[in-house]
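Student: Could we go through this structure together, starting with the loops?
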Amino acid sequence: MLRFLLRRTLGAIVILFLLSIVTFLLFFGMPRDPALLMCGKTCTPEALANIHHVLGLDRPIPEQYWTFLHNLFLGSDGFDQGPCPAPCFGYSYHTNELVWATLKDRLPTTLSLTMGAAVVFLFVGLGTGLLAAWKRGTLVDKTVTAGAMVVSSLQIYFIGPLALAALVYQTHIFDKPAYNPFTANPVAWFNGLIIPWVVLSTIFAAQYTRMARSAMIEQLQEDHVRTAKAKGMSRTYVFLRYAWRGSLIPIVTIFGIDLGSLLGGAIITEYTFGLPGLGRLAVESVEFSDLPLLLGVMLFSASMILLFNIIVDAAYAFIDPRVRLS
């Protein structure tokens, strides 16, 4: 297990390194001059040359990338705004604040939104999916399947405003969604995120319902499950003891990808409810052409996806004993 995790970690580091090269060349090696983004409409050649020197854009691209890696792992004191401790993505063009400090400031919102929604859609999605598989062919199965298909066709930007209108502005059952730090006020934290949790989890829960049902029905046809039935074991025991664990493999795979992606920013949900998370930060960095901030968001999001892929691969051995890590 340790060798496998080490090998997967090294592979993730290589992928992240290659991704950093591609994104850096895409942003800083492209034909459009990044210095023009900071110089403004009344830019003079002298001011443009000074920005080139300050940003290091007057140096060769390989040297710029080496400086970027050095700053990322060791930090830098070469910025006019002040020192930049590792991991240093530089300073935002728009706010003149440290990119890493901005990411850390937005991360708790995205983390709270993602984890809360994940609990909801896993509980609801897996529960309804297993119920549909248990009642296969019955009215319950058909109702759950049809409902999942209808809900999965909806979109967050459609459900979100409806939820706000029905639960906040019309009935005043809930307060307007907002992020409040958990450590400051857990009750306000919960009340401010409950509607975004439900809305974000709605689409995922429908997908996981269909996925859990299909995976469970497939597992029920496996030889070891039919053998357990032939030995006289009860249907409930076989369902929960044998088929259940095997059906988790595809679900855990997709869950790891979904969770890693959401931790990189749930853009539509954060914009719909006005939550200051990483997804909204990514859109703002595009709007202002803030290249250091956009590069930081992209690398952080990619790191989350790679991290959860490693966790998913390691989880296979604990879920299904037939899986062997070599």
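Student: Where is His-172 placed?
Tutor: His-172 sits in the loop between α7 and α8, where helices are DSSP runs (H or I, at least four residues; strands are E, at least two) numbered from the N terminus. Residues are numbered from 1 along each chain as its sequence is written, and side-chain values use heavy atoms, with hydrogens and water left out. This is a predicted model, in which local features need pLDDT of at least 70 and side-chain atom pairs count only at pLDDT 80 or more, while totals for chains, interfaces and linings use all residues.

Student: What is the phi of His-172?
Tutor: His-172 has a positive phi of about 60 degrees, although it is not a glycine. Most residues other than glycine have a negative phi.

Student: Is His-172 buried or exposed?
Tutor: His-172 counts as exposed, at 59% relative accessibility; buried means under 20% relative accessible area, exposed over 50% and partly exposed in between, with a 1.4 Å probe and protein chains only.

Student: And what about Asn-96?
Tutor: Asn-96, which is not a glycine, also has a positive phi of about 60 degrees, and Asn-96 lies in the loop between α4 and α5. Its relative accessible area is 45%, so Asn-96 is partly exposed.

Student: Which residues does the cis peptide bond join?
Tutor: The cis bond joins Ala-86 and Pro-87, with omega at about -5 degrees, and Pro-87 is placed in the loop between α4 (61-74) and α5.
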